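Subject: Structure handover

Hello,

Here is the structure we talked about. Please open it next to this message and follow along.

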Amino acid sequence: MSTPETDPGAERDVDLARWRGALARRWWIVAAGAVAGIVVGGLFSLSGGSVYEASALLAPSQAFSPNGSPVLSYTSSPRAINVLATQDSTLAKVAAQTHVPVEQLRGHVSTATVNTGAGSTATRGSVLIQITVQAHKKTDAADAANALGAIIAKESTGPYVIQSIKTLQQDLKSNQAQLKSVNKEITAFNNALKSTSLNSIEELLLTQQADNALLRAGNLNDKIEAQTQQLTLTQNIELAQIISPAAAVKTTARSRRNSILVGLLIGLIVGGIAAIVADTRKRA
């Protein structure tokens, strides 16, 4: 005589239905577990004590090609900046400047991306980087965050931007020197034209030379104006900069929101298990 076959799927459906019924009948146990989890999570967040947190806001370097198109660089990407901010060599530099031990900085430095605009291209105008340091002393947190921001602003600016600034400064200096020389020539020509001893041919030649000098001066002025604007753009946009220095505020060492959410989840799970067990025992 053969044994009747059982359907494992049907048994699972029955178990799930029984559990749902138990949760519905003992909902107050689940609710009590959730409340207990929230309370425990809140108390757990306070158990870590208080620390000071300071955040500096960094505008990453944004290079542009000669035709004005943005040039993406790995050195100014949020991921690269996070790696740079948390690596030991950077923390050692911060420690040397602020006298905050590396051991107190390690694990207490973080970065976050702050989106300020829409678009798929991560340009300076749409992405800022928040650099945060936690410390037990107010001055340590603020000093370390500001020092870290300054180091990252310098080291995350690519060599292309640095060389562009140097080239613009050299060209601007050269054109300014040329303009100064041309202005001296114009003054000399004007003084010579005031002489009453010139004949008509000499006066004509001097006038032509003065006109040529004036034309050169105008061209140089146009170049200097364009280069000045480009240099200002490069120094204020393409260079990484701290746009908001860090100021320390008191906070809890553990995130209260995360602790409460985790406590709530654990409370719901424990409460659900307790409701199922209590309902099973009563029905047995």
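Below is what was found in it.

This is a predicted model: local features need pLDDT of at least 70, side-chain atom pairs count only at pLDDT 80 or more, and totals for chains, interfaces and linings use all residues. Residues are numbered from 1 along each chain as its sequence is written, and side-chain values use heavy atoms, leaving out hydrogens and water.

Confidence comes first. The mean pLDDT (the predictor's confidence in each residue, from 0 to 100) of the protein chain is 83. Of its residues, 87% reach 70 or more. Helix H1 (residues 8-25) has the lowest confidence, with a mean of 65. Helix H4 (residues 88-98) has the highest, at 94. Over residues 120-124 the pLDDT is below 50. Where pLDDT is low, the predicted coordinates should not be read in detail.

Next, helix H3 (residues 78-86). Its buried residues are Ile81, Leu84 and Ala85. They lie on the same side of H3 because they cover an arc (of the directions from the helix axis to the C-beta atoms) of only 95 degrees around the axis. These buried residues pack against strand S1 (50-59), H4, strand S4 (109-115), strand S5 (127-135) and helix H6 (138-155).

Best wishes

Methods
Helix = DSSP H or I, 4+ residues; strand = E, 2+ residues; numbered from the N terminus. Contact = heavy atoms within 4.5 Å. Buried < 20%, exposed > 50% of the residue type's maximum accessible area, 1.4 Å probe, protein only.
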